Amino acid sequence: MDAATIADQSRELAQDAATLAEQAAELSSGAHMLATAGANAGGEPFIFLFTVFVLACFIGYYVVWSVTPALHSPLMGVTNAISSVIIVGALIAAGPADMNISKVLGFVAVALASVNIFGGFIVTHRMLSMFKKKQK
């Protein structure tokens with residue numbers, strides 16, 4: 001590859017990155033507008049967000065219980081990935097210097113998500129060991 005081709009490809013990547021950044025900004029502003037619309041509609045933000053949480057619980061329940069056994073392992077892998085994201089959010093919640101309820105709940109979230117992640121890895125390891133050939 002010559003320098004001109006590399007330069008052209010890097011310009012294309014930069015344009016793609018700028019487009020993705022604009023789309024991410026639009027999505028985040030859309031989510032913010034949705035949250036403020038719930039608050040401005042006369043309701044409390046807590047009620048709006050709690051409603052979203054309850055609906056997500058129902059959807060999650062029906063999605064998980066309708067998974068076939070063959071898809072259980074990939075579902076566990078995704079669950080571990082989601083738990084790692086939960087740990088990041090919990091660390092942010094547990095981060096403030098003052099001692100309040102968010103710090104306590106953040107610590108509890110870190111502990112429970114850690115148990116979930118490590119337990120998932122242990123279960124995955126045990127499942128994979130079932131498929132190994134037995135050595136004599």
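This is a predicted model: local features need pLDDT of at least 70, side-chain atom pairs count only at pLDDT 80 or more; totals for chains, interfaces and linings use all residues.

User: How many helices and strands does the protein have?

Analyst: Helices (H or I, at least four residues) and strands (E, at least two) are DSSP runs, numbered from the N terminus. Here there are four helices and zero strands, in the order α-α-α-α from the N terminus on.

User: What percentage of the residues count as buried?

Analyst: Buried means under 20% relative accessible area, exposed over 50%, and partly exposed in between, with a 1.4 Å probe and protein chains only. Of the 136 residues in this protein, 9% are buried. Accessible areas come from the Shrake-Rupley method with a 1.4 Å probe; for residues, only the protein chains shown count as cover. The accessible surface of the protein is about 11,200 Å², and carbon and sulfur atoms hold 74% of that.

User: How are contacts between residues 24 or more positions apart to be read?

Analyst: A contact means heavy atoms within 4.5 Å. Among contacts in the protein with a separation of 6 or more, 39% join residues 24 or more positions apart.

User: Which residues make the nonpolar surface patch?

Analyst: Patches are made of residues with over 30% relative accessible area and no salt bridge; like charges are joined within 9 Å, nonpolar side chains (Val, Leu, Ile, Met, Phe, Trp, Tyr) within 5 Å. Phe58, Ile59, Tyr61, Tyr62, Val63, Val64 and Trp65 make a patch of about 840 Å². One of them, Ile59, lies in helix H2 (residues 45-65) and is exposed, at 56% relative accessible area.

User: Where is the salt bridge, and how far apart are its closest N and O atoms?

Analyst: Side chains of opposite charge can pair when their charged atoms come close. A salt bridge is a side-chain nitrogen of Lys or Arg within 4 Å of a carboxyl oxygen of Asp or Glu. The search of the whole structure finds one: Arg11 with Asp8, the closest N and O atoms being 2.5 Å apart. Arg11 and Asp8 are three residues apart in helix H1 (residues 3-40), so about one helical turn separates them. Arg11 is partly exposed at 49% relative accessible area, and Asp8 is partly exposed at 38%.

User: Is isoleucine 92 buried or exposed?

Analyst: Ile92, in helix H3 (residues 72-94), is exposed, with 64% relative accessibility. Its C-alpha atom is 9.7 Å from that of Ser102, ten residues away along the chain.

Technical notes. Residues are numbered from 1 along each chain as its sequence is written. Side-chain values use heavy atoms; hydrogens and water are left out.
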